[in-house]
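Grab your viewer and work through the exercises below. Try each task before you read its solution.

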Amino acid sequence: MNDVLTFETMGTVVSLRGATAAAASEVRAVFAGYDHRYSLYDPSSVLSRVADGTIRLPDTPEQVRDVYALALDWRERTGGAFTPHRPDGAVDLSGVVKALAIRDAGAVLDEADVDWMISAGGDVLVRGMHRGVEPWSVGVVDPAHRDTIVGVVRLDAPRRAVATSGTAERGEHIWRRTAPTFVQATVVADDVVTADVLATAIVAGDEEDLGRFTSDVDVDVLAFGADGRVWATPGATSWVTAGAAPVP
Amino acid sequence: MRARAVVGGIVSSIAVLVIGWQLGGQPAVTAPSQSTTSGSSASGSGSSGSGSSGSTASGTGGSSVSGTFTGDATQTRYGPVQVRITVAGGKITDVTALQLTDHDGRSVQISQQAAPILRQEALAAQSASIQAVSGATFTSEGYTTSLQSAIDKAGL
C-alpha cells in the first residue's frame with residue numbers, strides 16, 4: 001500500500017509517510033509559513049524586506065529574531081564554519097529554515113500515535129519504524145556518481161535525523177572559508193537542525209573542524225574528501241560496509 | 001580569534017575509512033533495454049508524465065512490491081532529471097537515470113548508461129530497501145528528488 005503524500009515547497013519536494021490528510025495539510029502550512037518569512041526568493045518575505053532595507057532586523061517578529069539568534073548560536077558553536085550571513089552582509093537564514101520547518105512538522109506529526117517519516121530535499125526526520133518492523137532507511141547519494149547510493153543509514157531512536165550537504169551546494173548557504181576539504185558530508189543526529197547545520201559546517205570547514213564537531217557534538221558523520229578519502233565516525237562505518245546486520 | 005579550547009587534547013572520533021572503491025571500483029553497469037527518447041523536457045518546474053508499472057502482493061508485513069517506477073522529471077537549472085527504479089521484492093535492484101546533465105551543465109542523454117544503485121562490493125549484504133534518499137543539493141537535487149519520487153510511487 002502506498003501511503004506517501006508529497007507536496008512542493010521551498011524549491012524542493014516534501015515526502016510524508018504516516019501522515020493523515022489533516023496532518024499533511026498542517027505540515028504544508030508549517031513549510032509555507034517558514035517560506036513566507038524567510039525566503040530570499042520571495043521579495044515580500046520578511047527577510048527579503050530586511051535585506052532590501054525596508055525593515056530593520058530588530059523590528060521583525062520575535063520568531064524571526066529567535067531564528068536569527070539560533071543561527072548565530074550555531075555560528076559560535078561551529079567556529080564560524082556555519083554562518084547566517086551572506087558575503088555581502090545580508091542575513092540569510094536558509095541554512096536553518098528547512099531544518100526548522102522539518103522539526104516543527106515533526107511536532108505536528110507527533111500528535112498522532114503513528115510512526116512517520118518526513119523527507120525534504122534530502123533532509124530526513126523519522127519516528128518509530130518503517131511498517132513497524134524495520135528501521136527507516138535512507139540512501140546516501142554518492143557525490144562522485146550521483147546515480148549511485150553509496151550507503152544506507154538506518155535511523156534508530158534517538159538518532160532520528162539525517163542531512164547531507166555538498167560543496168557544489170547552492171551558493172546561498174555554504175560559504176567556504178578555505179580550499180575545499182570535503183565534497184559531501186552526511187550527518188545523523190538526534191535532531192534535524194543539528195544534522196543539517198553540521199553537514200553544512202563540515203563541508204564549509206576542514207579536517208580540524210570535522211574532528212572538533214565530532215568530538216563536541218553527539219553525531220555520526222560520513223564525509224567524502226576532495227582527495228577521494230572517505231571519513232566516517234565509528235557509528236557511520238556500517239552505513240557503507242556490508243557488515244551491517246541485514247534487515248529481517 | 002576563535003576559541004579552540006581543546007586543540008590537540010581530543011582524540012578525534014573521526015577516522016579515515018579505508019575504501020577500495022573510491023576510484024578504481026568498477027560498478028557493474030547494466031544496460032537498460034529501452035531506448036528513451038530525448039529532447040522532450042518537462043514543461044515548467046515540477047513533474048511530467050511518469051509511467052509506473054508495478055505490483056504489490058497482498059501479503060501483510062514487509063513490502064513485496066515489484067516492478068519499475070519512474071520518478072517525476074525534476075527541473076534543474078541545467079535541464080530535466082528523471083530517474084527510474086526497478087524493484088524486486090520491495091528492494092531497489094536497479095536505477096536508471098533517464099535524463100541527466102553533465103558536470104559542465106550541458107544536458108546529456110545517458111539512457112544508454114544505467115548505473116547500478118548499489119556499489120556491489122560495499123553493499124552486497126544490504127540491498128537497497130530505502131524509503132528516502134539524502135544527497136547534496138545542487139548537483140544531485142534533481143536526481144534525489146526524482147529518485148525520491150520513484151521510491152514514493154513504489155511505496156517502498
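Helices (H or I, at least four residues) and strands (E, at least two) are DSSP runs, numbered from the N terminus. This is a predicted model: local features need pLDDT of at least 70, side-chain atom pairs count only at pLDDT 80 or more, and totals for chains, interfaces and linings use all residues. Residues are numbered from 1 along each chain as its sequence is written, chains are lettered from A and ligands numbered from 1 in the order in which they are written, and side-chain values use heavy atoms, with hydrogens and water left out.

**Exercise 1.** Find out where A:R159 sits and which side chain its own side chain makes a polar contact with.

*Solution.* Start with the location: A:R159 is in the loop between strand 6 and strand 7 (161-166) of chain A. Next, check exposure. Buried means under 20% relative accessible area, exposed over 50%, partly exposed in between (1.4 Å probe, protein chains only). A:R159 comes out at 16%, so it counts as buried. Now look for contacts, meaning heavy atoms within 4.5 Å. Skipping residues up to four places away in sequence, A:R159 touches A:V188, A:A189, A:D190, A:D218, A:V219 and A:D220. Finally, a polar contact is a pair of N or O atoms within 3.5 Å; within protein, one must be able to donate a hydrogen and the other to accept it, and residues adjacent in sequence count only if both atoms are side-chain atoms. The side chain of A:D190 is the partner, at 3.4 Å.

**Exercise 2.** Work out which residues of helix 6 of chain A are buried and what covers them.

*Solution.* Go through residues 207-216: A:D209, A:L210, A:G211, A:R212, A:F213 and A:T214 are buried. Then look around them: the cover includes helix 3 (62-77), strand 8 (182-189), helix 5 (192-204), strand 9 (220-225) and strand 10 (230-232) of chain A. Last, zoom in on the start of helix 6 of chain A, where a side-chain oxygen of A:D206 comes within 3.1 Å of the backbone nitrogen of A:E208.

**Exercise 3.** Find the strand order in the open sheet of 3 strands, and say which strands stand at its edges.

*Solution.* Two strands pair if DSSP finds at least two bridges between them. The order is 6(A)-5(A)-8(B), with mixed pairing. Strand 6 (149-155) of chain A and strand 8 (132-134) of chain B each have a single partner strand, so they stand at the edges with one side lacking a neighbour in the sheet. Now cross the chains: strand 5 (residues 136-141) of chain A pairs with strand 8 of chain B in the parallel sense, over 3 bridges. There, A:V138 stands opposite B:A132.
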